[in-house]
Amino acid sequence: MADLYITEYQKVGFGTDMMVPIPCEDGNVVRRAALDFSGGVTLATAFSDSTRFVEIWGDTDCLYAVGPAPDASTAGTPLTAKYPKQFVVRPGDKLSVVGF
């Protein structure tokens, strides 16, 4: 099985020592979803209007792409299994994922 886990956040805070973004779990989670991409390139539901930041991690190595019409198979960024990645997104953008 190949799953990508997506958590959408309204806002983030910053760590005091290294100034890295830290997701604010306290009432700021917009949505959590698991996306099965074992059948090939898969497109997630568009990010919510209140989503500004996401965290993703997969249970297997994969490629992902984000944007209005992303295709991870042609312009994907590698994501190593079980290592979360956090980044800023625009509301309405989508996420595409495919295994490799």
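## Contacts of Val 66

In this predicted model, Val 66 touches Phe 47, Phe 87, Val 89, Asp 93, Lys 94 and Leu 95, leaving aside residues up to four places away in sequence. Val 66 belongs to strand S7, which spans residues 62-67. Its relative accessibility is 32%, so Val 66 counts as partly exposed; the buried class would require a value under 20%. The C-alpha atom of Val 66 is separated by 10.0 Å from that of Ala 46, a residue 20 positions away along the chain.

Two of the residues touched by Val 66, namely Phe 87 and Asp 93, return below. Phe 87 takes part in an aromatic pair with Tyr 64, and Asp 93 takes part in a salt bridge with Arg 90.

## Overall composition

The protein chain contains 1 helix and 10 strands. Along the sequence these elements follow the pattern β-β-β-β-β-β-β-α-β-β-β.

Of the 100 residues in the protein chain, 37% count as buried. The chain exposes about 5,700 Å², of which carbon and sulfur atoms supply 53%. Among contacts between residues at least 6 apart in sequence, 66% join residues that are at least 24 apart.

## The four-stranded sheet

An open sheet is formed by 4 strands in the order S4-S1-S6-S9, with antiparallel pairing. Its edge strands are S4 (29-36) and S9 (85-88), each of which pairs on one side only. On average, neighbouring strands of this sheet are turned by 20° against each other, direction ignored. Strands of a sheet pair through backbone hydrogen bonds, in either a parallel or an antiparallel manner.

Within the sheet, strand S1 (residues 3-9) and strand S6 (residues 53-58) pair in the antiparallel sense over 6 bridges. In this arrangement Glu 8 stands opposite Val 54 in S6.

## Salt bridges

Side chains of opposite charge can pair when their charged atoms come close. A search of the whole structure finds 2 salt bridges. In one of them, the side chains of Glu 8 and Arg 31 meet with an N to O distance of 2.8 Å. Glu 8 lies in strand S1 and Arg 31 in strand S4, so this pair ties together parts of the chain that are 23 residues apart in sequence. Glu 8 is buried, with a relative accessible area of 3%, whereas Arg 31 is partly exposed, with a value of 28%.

A salt bridge also joins the side chains of Asp 93 and Arg 90, at an N to O distance of 3.8 Å. Asp 93 is buried, with a relative accessible area of 7%. Arg 90 counts as exposed, at 55% relative accessibility. Asp 93 is also among the residues touched by Val 66.

## Aromatic pairs

The search of the whole structure finds 3 aromatic pairs, two of which are described here. The rings of Tyr 9 and Phe 53 have their centres 6.3 Å apart and their planes at 55°, so the pair is tilted. Tyr 9 lies in strand S1 and Phe 53 in strand S6, so the pair ties together parts that are 44 residues apart in sequence. Both Tyr 9 and Phe 53 are buried.

The rings of Tyr 64 and Phe 87 have their centres 5.5 Å apart and their planes at 15°. This pair is stacked because the angle between the planes is 15°, and planes under 30 degrees apart count as stacked. The pair links distant parts of the chain, with Tyr 64 in strand S7 and Phe 87 in strand S9, 23 residues apart. Tyr 64 and Phe 87 are buried.

Gly 40 lies in the loop between S4 and strand S5 (42-43). With a relative accessible area of 22%, Gly 40 is partly exposed.

Leaving out residues up to four places away in sequence, Gly 40 touches Val 97 and Val 98. Gly 40 and Val 98 are 58 residues apart along the chain, and their C-alpha atoms are separated by 5.6 Å.

Note on methods
Residues are numbered from 1 along each chain as its sequence is written. This is a predicted model: local features need pLDDT of at least 70, side-chain atom pairs count only at pLDDT 80 or more; totals for chains, interfaces and linings use all residues. Side-chain values use heavy atoms; hydrogens and water are left out. Helices (H or I, at least four residues) and strands (E, at least two) are DSSP runs, numbered from the N terminus. Buried means under 20% relative accessible area, exposed over 50%, partly exposed in between (1.4 Å probe, protein chains only). Contact means heavy atoms within 4.5 Å. Accessible areas come from the Shrake-Rupley method with a 1.4 Å probe; for residues, only the protein chains shown count as cover. Two strands pair if DSSP finds at least two bridges between them. Axes are lines fitted to C-alpha atoms, for helices over the stretch in contact, and angles run from 0 to 180 degrees between N-to-C directions. A salt bridge is a side-chain nitrogen of Lys or Arg within 4 Å of a carboxyl oxygen of Asp or Glu. Rings of Phe, Tyr and Trp (its six-membered ring) pair if their centres lie within 6.5 Å; planes under 30 degrees apart count as stacked, over 60 as edge-to-face and the rest as tilted.
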